[in-house]
Amino acid sequence: MKMLCTFAVAVATVFAFASREAAAADVVVESVGTPVYTPLPGKTDDRAMAASCRAWVLDRDQVARFFAASQEYPDGFGDAFYSLPCTISGELRAQGRLWTYEINAAATATWTSGETVRRFGCAKATCEPLVLLMPDDNSGK
């Protein structure tokens, strides 16, 4: 019986992981906004970051590719990703719902629909040309 329970847990875990990736892959991007630079309160304006943010542009296809390569992080990102004061927002359709998304230039994103919030991050090489900063296990390299 114990072996059967262990197998069932393993199958459920694999299914949950696969469904998280599939959920992000089947999106229709409705709109893409312009980048927004928002320095943290109390921080001085970083002109280089502001310029990089203004130059960061994504189209609908690139947003869809970002989410197709992303993994869902339902419990948050922990310290797996950085955060930058630069985002691009828009709307997408997935799983029969309209979602507002926000992609952070450091390879993370959120989807919001009503009270539901989903978190995504992309550590795959295919996301590197789509963001300004990729995760590096916080090694600073």
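Biologist: Is Cys122 buried or exposed?

Modeller: Cys122 counts as buried, at 0% relative accessibility. Buried means under 20% relative accessible area and exposed over 50%, with partly exposed in between (1.4 Å probe, protein chains only). Please remember that this is a predicted model, where local features need pLDDT of at least 70 and side-chain atom pairs pLDDT 80 or more, while totals for chains, interfaces and linings use all residues. Residues are numbered from 1 along each chain, and side-chain values use heavy atoms, leaving out hydrogens and water.

Biologist: Which residue forms a disulfide with Cys122?

Modeller: A disulfide is a pair of cysteine sulfur atoms within 2.5 Å. Here the partner is Cys127, with the sulfur atoms 2.0 Å apart. Cys127 is also buried, at 0% relative accessibility. Their link is right-handed, with 90 degrees about the S-S bond.

Biologist: How many disulfides does the count come to?

Modeller: Two. The other pair is Cys53 and Cys86, at 2.1 Å from S to S. This pair links distant parts of the chain, 33 residues apart: Cys53 lies in helix α2 and Cys86 in strand β4. Helices (H or I, at least four residues) and strands (E, at least two) are DSSP runs, numbered from the N terminus. Cys53 is buried at 1%, and Cys86 is buried at 0%. This link is right-handed as well, with 85 degrees about the S-S bond. Counting bonded cysteines along the chain, the pattern is 1-2, 3-4.

Biologist: Which residues of the largest nonpolar core touch the most other members?

Modeller: In soluble globular proteins, nonpolar side chains tend to be buried together. A nonpolar core is a set of buried Ala, Val, Leu, Ile, Met, Phe, Trp, Tyr and Cys residues joined through side-chain atoms within 4.5 Å. The largest one here has 33 residues, and Phe66, Phe67, Leu92, Tyr101, Ile103 and Trp111 touch the most other members. Helices α2 and α3 and strands β4, β5 and β6 each supply at least two of its residues.

Biologist: What is Leu92 in contact with, leaving aside neighbours within four places in sequence?

Modeller: Contact means heavy atoms within 4.5 Å. The partners of Leu92 include Val27, Val28, Val29, Phe67, Tyr101 and Trp111. Glu30 and Arg97 are among them too.
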